[in-house]
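Subject: Structure for your review

Dear colleague,

Please find below the structure that I am handing over to you, followed by an account of what was found in it. I would be grateful if you read the two side by side.

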Amino acid sequence: MLLLAIEQSTSCCSVALMRDGTLIGTKAWSDGIHKRQQLFTALPELLAEHGLGAKDIEHFVVGTGPGSFAGIRIAISACHGLAQPSHRPVSGIASTATLAWRELQADPDPRILVVGDARRETFWCAAYALDNHQLSTVLEPQLISPDTFTDQIEGACVLLSPDMDRIGDALRAAAEGRCRLVNEKRIPDACDLAQLANAELALGRE
């Protein structure tokens with residue numbers, strides 16, 4: 001199966017091609033909030049490099065955030081526009097799930113808490129864990145007060161964020177002595193999205 005993944009929930013955007021579970025190509029770019037249309041240059045280039053057209057893609061998957069509304073909207077619209085002529089399926093996977101999936105490949109034991117900046121003195125958060133080697137959603141992405149998100153922290157928790165540059169101080173204070181904090185900013189990526197989508201499809205969960 002030939003799968004195309006698009007991730008645009010942050011300013012670090014990417015697309016990836018996967019054939020039968022193996023990544024065969026990817027493109028990534030970092031653009032300003034008003035330049036999401038670069039997808040429509042990067043994507044045709046990626047397909048052309050592999051001698052493919054939109055009609056060859058058998059499944060489309062897009063990262064659904066939380067994150068940039070404009071970037072996510074454009075990615076979803078692009079997937080549906082490319083999929084419609086051939087009636088190919090389009091799936092959406094939370095970008096928070098992709099971040100948790102990447103972390104759990106290195107350490108499958110903890111509960112992963114992903115927290116981001118929703119602006120206006122509000123955070124968003126979501127939590128995941130592995131259950132019989134399958135990604136399980138412990139807490140669906142939701143808005144939460146910075147004063148109360150610490151209620152989600154447990155002893156076996158790993159805390160990470162794509163917004164460490166903006167809310168890192170608050171996360172460090174909350175995590176101290178309570179859970180392991182990933183100090184580096186973690187950005188969702190289309191390669192990880194494709195791998196998670198492939199695993200979910202293999203389980204019949206897409």
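Serine 9 lies in the loop between E1 and E2; helices (H or I, at least four residues) and strands (E, at least two) are DSSP runs, numbered from the N terminus. This is a predicted model, in which local features need pLDDT of at least 70 and side-chain atom pairs count only at pLDDT 80 or more, while totals for chains, interfaces and linings use all residues. Residues are numbered from 1 along each chain as its sequence is written, and side-chain values use heavy atoms, with hydrogens and water left out.

At 3% relative accessibility, serine 9 counts as buried (buried means under 20% relative accessible area, exposed over 50%, partly exposed in between, with a 1.4 Å probe and protein chains only). Leaving aside neighbours within four places in sequence, serine 9 is in contact with Gly65, Pro66, Gly67, Ser68, Ile72, Ser95 and Pro188; contact means heavy atoms within 4.5 Å. Serine 9 and proline 188 are 179 residues apart in sequence, yet their C-alpha atoms are 7.7 Å apart in space.

The sheet

Five strands form an open, mixed sheet in the order E3-E2-E1-E4-E5, where two strands pair if DSSP finds at least two bridges between them. Strand E3 (22–30) and strand E5 (90–93) are the edge strands, each pairing on one side only. From one strand to the next, the twist averages 15°; axes are lines fitted to C-alpha atoms, for helices over the stretch in contact, and angles run from 0 to 180 degrees between N-to-C directions.

Strand E2 (residues 12–19) and E3 run antiparallel and are joined by 8 bridges. Cysteine 13 stands opposite tryptophan 29 in E3. Helix H2 (residues 69–83) packs on the sheet and touches strand E1 (2–7), strand E4 (59–63) and E5, its direction making about 175° with that of E4. Helix H5 (residues 190–202) also packs on the sheet, touching E1, E2, E3, E4 and E5, and its direction makes about 130° with that of E1.

E4 and E5 run parallel, with 4 bridges between them, and glycine 63 has isoleucine 93 in E5 as its bridge partner. The chain crosses from E4 through H2 to E5 in a right-handed β-α-β crossover; right-handed means that, with the strands pointing away from the viewer, the path from the first strand over the helix to the second runs clockwise. In E5, Ser91 and Ile93 form a covered face, whereas Val90 and Gly92 form an uncovered one.

Salt bridges

How many salt bridges does the structure hold? There are 9, a salt bridge being a side-chain nitrogen of Lys or Arg within 4 Å of a carboxyl oxygen of Asp or Glu.

One of them joins arginine 102 and aspartate 192, at 2.6 Å from N to O. This pair links distant parts of the chain, with arginine 102 in helix H3 (residues 95–106) and aspartate 192 in helix H5, 90 residues apart. Arginine 102 is partly exposed at 25% relative accessible area, whereas aspartate 192, at 12%, is buried.

Glutamate 103 forms another with arginine 186, their closest N and O atoms also being 2.6 Å apart. Glutamate 103 lies in helix H3 and arginine 186 in the loop between strand E10 (180–181) and H5, so the pair ties together parts that are 83 residues apart in sequence. Glutamate 103 is buried, at 9% relative accessibility, and arginine 186 is partly exposed, at 21%. H3 itself is mostly covered, with 9 of its 12 residues buried; Trp101 and Leu104 are among them.

The aromatic pair

A search of the whole structure finds 1 aromatic pair. Rings of Phe, Tyr and Trp (its six-membered ring) pair if their centres lie within 6.5 Å; planes under 30 degrees apart count as stacked, over 60 as edge-to-face and the rest as tilted. The rings of phenylalanine 123 and phenylalanine 149 have centres 5.4 Å apart and planes at 65°, so the pair is edge-to-face. Phenylalanine 123 is in strand E7 (residues 122–131) and phenylalanine 149 in the loop between strand E8 (134–144) and strand E9 (157–160), 26 residues apart. Both phenylalanine 123 and phenylalanine 149 are buried.

Yours sincerely
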